[in-house]
Amino acid sequence: MSKVKIALVGVGGISQVVRIPSLKKNEEVELVALCDVDEAKVSFIADKYNIPKVYFDIQNLIAKEKLDGVLICTPNNLHYPMALATLDADINTLVEKPIALSEEQVKKMVEKATEKNIHIVCGMHNRFRKDAIILKDFLIKSEIGKPFYIKAGWLRKWEKGIQKGWSADPKISGGGVVMDLGLQLIDLALWLLNMPKVINVRSNFYTINQEYKVEDSALIILQTDENVIITIETAWRMHLENDLLYTHVFGSQGGAFLNPLRINKELHGNLVNVTPIQSNKNIDMFTNAFESEINNFVDVINGKEQAITPGSDGVYLMNIIDAIYKSAELGKQVDL
Ligand SMILES: NC(=O)c1ccc[n+]([C@@H]2O[C@H](COP(=O)([O-])OP(=O)(O)OC[C@H]3O[C@@H](n4cnc5c(N)ncnc54)[C@H](O)[C@@H]3O)[C@@H](O)[C@H]2O)c1
């Protein structure tokens, strides 16, 4: 079977740390080209990974290469126009998070993919984490009863310093810490619950660092139609000595916690730790998740698997994110 020809656009931080290494590791992939406006950087990275072609403009890449798939890893505001261009050229497309800046944009991307009968996939590596997959399996099998409350947080420590570059420029990023970190926690919580219907959201945003034009801290409450409450706390820089990243699920008969994974359930009148034993270290879990995400994208292109992070889930997520921004602006609950 011939290899799947893939190109990657935007060779910045995330591409260098995990995306390019994950593509290179998959034996079914031929990473044929890289594309970036930074000519020196893209040439250097292509040399380093032995990738034959470089492009400095996505239109050129699309015109010259016959591709089965593309990864879009550029700043957020470029996701929508770039994905429309690749989809229009019949190329299966994986877009980094956030898949676009609004629900309206993602809808158009999904419509284009449907019209072309190809795939649009969101980059959401948390769904591929081994511990999250185990936890979801326990939840589906009702091992902790009926979940009624998820409490999740991603708070970066003080030492991290202030956010540099485009991620704090709203015209490029589309928002602050909610677009960056909060959205990933919300996606994980909804996916763990099998994408329930969210009926309302309430959010409060703060800009502690007055230099920013976006929120750097946020508190969010979501309510589902089955009265499950999801709370999210997220910040780029809190007065904390260490980062905090967690998702806690409380059910009628037990509780489950990430990170690390721990599952406690009521058994014969006792609270019992039923956590499966795992050998993976946190760092392996992170890289393995990105590798599994690429493997799934390749299997989707080959018609072997369904997408774990389909574009349609991106539409739903961005509908909620839009409402979260509206709630913060209005200072009141927004119904969906
Ligand atoms: N999944 C995750 O955990 C995760 C983590 C970090 C970043 N991300 C996402 O990945 C994307 C990239 O983030 P990053 O931290 O790597 O950013 P970055 O700024 O390090 O890299 C972006 C790259 O895009 C290039 N670029 C800019 N305009 C371009 C254009 N018109 N054509 C081609 N290339 C262009 C830049 O030169 C740069 O090399 C963002 O959407 C971000 O939200 C995801």
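Me: Axes are lines fitted to C-alpha atoms, for helices over the stretch in contact, and angles run from 0 to 180 degrees between N-to-C directions. At what angle do α5 and α10 pack?

Reply: This is a predicted model, in which local features need pLDDT of at least 70 and side-chain atom pairs count only at pLDDT 80 or more, while totals for chains, interfaces and linings use all residues. Residues are numbered from 1 along each chain as its sequence is written. Helices (H or I, at least four residues) and strands (E, at least two) are DSSP runs, numbered from the N terminus. The axes of α5 and α10 lie 8 Å apart, and the packing angle is about 165°.

Me: Are α5 and α10 roughly parallel or roughly antiparallel to each other?

Reply: Angles under 35 degrees count as roughly parallel, over 145 as roughly antiparallel, 65 to 115 as roughly perpendicular and the rest as oblique. With an angle of about 165°, α5 and α10 are therefore roughly antiparallel.

Me: How many nonpolar residues does the contact of α5 with α10 have?

Reply: Two residues are in contact if their C-beta atoms, placed from the backbone, lie within 7 Å. In α5 the contact is made by E103, V106, K107, M109, V110 and A113, and in α10 by G311, S312, G314, V315, M318, N319 and D322. Ala, Val, Leu, Ile, Met, Phe, Trp, Tyr, Cys and Pro count as nonpolar, Asp, Glu, Lys and Arg as charged, and the others, Gly among them, as polar. The contact of α5 with α10 has three charged, four polar and, for the class asked about, nonpolar residues numbering six.

Me: Is the crossing of α8 and α10 left-handed or right-handed?

Reply: Helices α8 (177–192) and α10 (311–330) pack at about 125°, axes 11 Å apart, and are therefore oblique to each other. A crossing is left-handed if the near helix is turned anticlockwise from the far one by less than a right angle, and right-handed if clockwise. The crossing of α5 and α10 is left-handed, whereas that of α8 and α10 is right-handed.

Me: Which strands stand at the edges of the sheet?

Reply: Six strands form an open sheet with parallel pairing, in the order β3-β2-β1-β4-β5-β6; two strands pair if DSSP finds at least two bridges between them. The twist averages 25° from one strand to the next. One side is left without a neighbour in the sheet for each edge strand, so the strands with a single partner are β3 and β6.

Me: Which residue in β3 stands opposite C35?

Reply: Strand β2 (29–35) and β3 run parallel, joined by three bridges. Opposite C35 stands Y55.

Me: Which residue does a cis peptide bond join to L258?

Reply: Most residues other than glycine have a negative phi, and most peptide bonds are trans. The bond from K97 to P98 is cis, with omega near -10°, and P98 lies in the loop between β5 and α5. Another cis bond, with omega about -15°, joins L258 to N259.
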